[in-house]
Amino acid sequence: MQKKMEPVVLTNPLIKHKLAIIRDKKTGTKEFREIIGEIATFLCYEALQDARLEKQEIETPMGKTIVQKLNENNYAFVPILRAGTGMLDGVINVVPNAKIGHVGLYRNEETLKPVRYYYKMPKDIQNREVIVLDPMLATGGSASDTITMLKEDGVTKIKFLCIIAAPEGIEKIKVEHPDVQIYTASIDEKLNEIGYIVPGLGDAGDRIFGTK
Ligand code: PRP
Ligand code: URA
């Protein structure tokens, strides 16, 4: 049996500072969106700690040298609509030539089960390492279903990036997808009775897009 992986949690104090701002209900859409992007960039750096680099000869203004470069064609980002798209700019800053797939899911507010409405992947998705993006890992239903769909498409290397994770969602991914590493800026206390993360930051999609 595969060993369950513990999530990687960002520990930089500036991340805690940024989280403090987006948790505050007084923070407006513009600042909220900018910080989601910024934290996504840091999560992406962390997720690519194990990236394999390829040697290449280049010429600096001082002469020839061997450098190490990332093959960006090995990667794809998959934001879960809608809130996951809020993290996209932040990760594209790091790997601008990665391809992008989209999964459309919303949670049925009564059952809390994800409902799929869109799925579009790059043709060669099975050859890429896929980094799934969603700011909130709550019950874990949306993340787990997305990972299942990607595996059905032949993807073998998947990572999941979120801003805030609930223990319940982490446990679900550990059990259903023990091969998937979670990267998060925070593990919060719990879910409330309507499936929201506490203390969390509220509804990420509504706060990114200003829809409430
Ligand atoms: C939110 C969030 C995740 C999901 C997390 O999406 O962005 O996709 O809930 O919950 P889960 O872990 O319990 O599945 P939501 O359904 O609010 O849709 P939205 O992104 O379109 O606002
Ligand atoms: N989705 C959100 O946007 N926020 C939560 O706290 C839980 C699910």
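The shell around ligand 1 in this predicted model comprises 6 nonpolar, 5 polar and 4 charged residues. Here Ala, Val, Leu, Ile, Met, Phe, Trp, Tyr, Cys and Pro count as nonpolar, Asp, Glu, Lys and Arg as charged, and the others, including Gly, as polar. In total, 15 residues surround ligand 1, and the closest are Arg-107, Asp-134, Thr-139, Gly-140 and Ser-142 (a heavy atom within 4 Å). Strand S6 (102-107), strand S9 (136-137) and helix H4 (141-152) each contribute at least two shell residues (DSSP runs, numbered from the N terminus; helices H or I, at least four residues; strands E, at least two).

Polar contacts are pairs of N or O atoms within 3.5 Å. A polar side-chain atom of Ser-142 lies 2.6 Å from an oxygen atom of ligand 1. A polar backbone atom of Ala-138 is 2.9 Å from a ligand 1 oxygen. Taken alone, ligand 1 exposes 500 Å², of which the protein buries 90% (Shrake-Rupley method, 1.4 Å probe).

Ligand 2 is surrounded by residues including Arg-107, Met-136, Tyr-196 and Asp-203. Its shell has 5 nonpolar, 2 polar and 2 charged residues. A backbone N or O atom of Gly-202 lies 2.8 Å from a nitrogen atom of ligand 2. An oxygen atom of ligand 2 is 2.8 Å from a polar backbone atom of Ala-204. Ligand 2 alone exposes 240 Å², and the protein buries 89% of that.

Residues are numbered from 1 along each chain as its sequence is written, and ligands from 1 in the order in which they are written. Local features need pLDDT of at least 70, side-chain atom pairs count only at pLDDT 80 or more, and side-chain values use heavy atoms, without hydrogens and water.

Definitions and conventions
Polar contact = N/O pair within 3.5 Å; in protein donor to acceptor, adjacent residues only side chain to side chain.
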